Structure formats: structure tokens, C-alpha cells
Amino acid sequence: MELVNQRADADWLRGTYAASERRVCGLLTMAVSSYRYRTIRCDDELRARLVELAREKPRFGYRRLHVLLLRAGEAVNHKRVHRVYREAGLSLRRKKRKHCVRVGQPLVERTAANQEWALDFAHDAVECGRAIRVLSVVDAYTRECLALEVDTGFASRRVTRVLEAIMAERGQPGSVRCDNGPEFTSRHFLAWGTEQKIEVVHIQPGKPTQNARVESFHGRLREECLNVSWFQNLFDAKRKIAAWRTEYNEERPHSSLGYLTPNEYAARETASYGKDACQKTASLQNAEERVSHFSTAPAAATSNEVQLTCRIIP
């Protein structure tokens, strides 16, 4: 406990319980001379100097102001500068960073195409040093790369246009999984998801493993395309990345798909789904035919049943 706080506690004890100085100091294990000490130093000159420097450099903290004092030839301890700096009310107000709070959304095993699309951005640069961004859209089940859009920047409306173009070809997804970038958290993107009745699943900040499928895809994109290609300009980057996307979907064996290409795996799943649908339709037709073989008209009553009925009637 600091000496200033001990003095305040001692004053409170003396005023509340009417105890003597020695009794209170003994309870607080503080010397009586320390309790009676009153400083005779004057910080008015240092305070005025700090206020003057703070007006010239309003974003300088006490450490930088202490350096300026030393440069001016004023030998003063940094702890004293800090104390006077705080007493003068010169402390800087720093804005606390707002952290996005998200509930963990673990990966769920998908059983069909278009149940979930994974979205994310990859970054690179062209020959002149200008940065480019690559928007990746991957199907979580078939591992197909649905889009690799390349440009220097993306707005949320550009992202929704890309998704709508994909939806026009293969239908609407059940959900999209993405991070907390400004493109995916804007009002336009959230309103678009609500309008299209698509669930937008945001992962927790700092946990890219919750979107591991597109992160794994970006590893292949980085190793097999971006790191081995030299992009002269934006148009060259679009051409080379589009060629690699075609190779990825149609030629590259995928280990998690039994070393089939994504297109081959998607075609096989579509064929098996169509075969199952045909079998279900045929079984329903057979069941209807078996039911139709049975007569629905009521059978004629026999003579014994008629006699029994007559006997029952009084």
C-alpha cells in the first residue's frame, strides 16, 4: 500500500474511532514520522512546463514529454514527471478497440452439395507492387471451387453479385460461412442473406479453423498458383488464376474425395442421387399397383350371414 493511501486510512481511523496517532500508526505498521511528514516541494514550475509542452504536442504522453524536458536541460525524475502529469489532468484518453463477439460455429459434416458455401479472401500483388484480392467460394461438400474473383478491392455489393451469378447456375445454398471482414458484416450483405433466406454463419474472430475448408483450399491456391506465378498486371492475374481454377475442378485429384476431381465427385453424387430417386419412385408405383389389385367394392352377403342378421332383428 502506498504511503498516501496509508495516510488517508489513518485519518479515517482517527476520525471514526477517535484513536491516537501512535495507536493508528501501529495498526497500519506505519512510522509516526511518515504520518506527520508534510512535503515542502513545489511542482508549480514543472506543472506549468508540462502544460506548455502538452499544448504544443497534444498527443505526446508523459514519456515523450520527459524526453523533451531532458533535451531542454531540465534534470527531473521520470516518476515525478508521471505524477505531476497525472495531477495536471494531461493523461491521454485512448479509445478501446471494439471486439466483435461471436458464438462458436464448429464445422458440420455436409451430406449434399449446396448445403454450405465457404467464403474468404486471399491476397497477392502484381509486378508493380499493387495489391490484389481473390474472393474464393468453395462448396463444403463437393469441394468445388465455385468462383475465384480477382480485383484490387471488393465491396459487399460486388460479393453478392458474384454469389447471385453462382446461384443462377447451380441453385441457392442453405448457408454461407465467412469471417468477420467488412464485406461480410455490412448491412447490405446481412440484408441480402435475409432476403434470399440464406443463413450467414460468421466464425469467431481469430479462429480461422472454424472455416477450415476454405483455409485448406487457400493453402493449395497459395502453393500451386500464387507462389509460382508472376502477375504482370491485373488482367494477367485474372487469366492465370481462372486457368488454375479450371485445372483444380477438372484435373487435380483431391485426397479427401478419394483422389477424384471435384467435378467427378459432384457428378457421381448427382448420379447416385438420381438413381435413388428413381428407385423410390419405382417402389411407390409398385406399392400403388399392389393396392389397386384388391377390390374396393363390398362383398355380397352370404345366405348364412343373412339368416344370422334376421335372427338378431327382433
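A residue is called buried when its relative accessible area is under 20%, exposed when that area is over 50%, and partly exposed in between, with a 1.4 Å probe and protein chains only. Gln204 has a relative accessibility of 18% and therefore counts as buried.

The structure is a predicted model, in which local features need pLDDT of at least 70 and side-chain atom pairs count only at pLDDT 80 or more, whereas totals for chains, interfaces and linings use all residues. Residues are numbered from 1 along each chain as its sequence is written, and side-chain values use heavy atoms, with hydrogens and water left out.

Helices (H or I, at least four residues) and strands (E, at least two) are DSSP runs, numbered from the N terminus. In these terms, Gln204 belongs to the loop between β5 (199-202) and α10. Contact means heavy atoms within 4.5 Å. Apart from neighbours within four places in sequence, Gln204 is in contact with Arg102, Val103, Gly104, Asn180 and Gln210. With Gln210 there is also a polar contact of 2.8 Å between the two side chains. A polar contact is a pair of N or O atoms within 3.5 Å; within protein, one must be able to donate a hydrogen and the other to accept it, and residues adjacent in sequence count only if both atoms are side-chain atoms.

An α-helix has 3.6 residues a turn, so residues three or four places apart point the same way.

A pair of aromatic rings is described by the distance of the centres and the angle of the planes. Rings of Phe, Tyr and Trp (its six-membered ring) pair if their centres lie within 6.5 Å; planes under 30 degrees apart count as stacked, over 60 as edge-to-face and the rest as tilted. The whole structure contains ten aromatic pairs. In one of them, the ring centres of Phe121 and Phe154 are 5.3 Å apart and the planes stand at 55 degrees, so the pair is tilted. Because Phe121 lies in strand β1 and Phe154 in the loop between β3 and α7 (156-170), this pair ties together parts that are 33 residues apart in sequence. Phe121 is buried at 9% relative accessibility, and Phe154 is buried with a relative accessible area of 9%. The rings of Phe217 and Tyr248 have centres 5.1 Å apart and planes at 80 degrees, so this pair is edge-to-face. It links helix α10, which holds Phe217, to helix α11, which holds Tyr248, across 31 residues. Both Phe217 and Tyr248 are buried.

Phe121 also belongs to an aromatic cluster with Phe154, Phe184, Phe189 and Trp192.

The backbone deserves a brief remark. Most residues other than glycine have a negative phi, and most peptide bonds are trans. Asn114, which is not a glycine, has a positive phi of about 65 degrees. Asn114 is placed in the loop between α6 (78-87) and β1, and its relative accessibility of 15% makes it buried.
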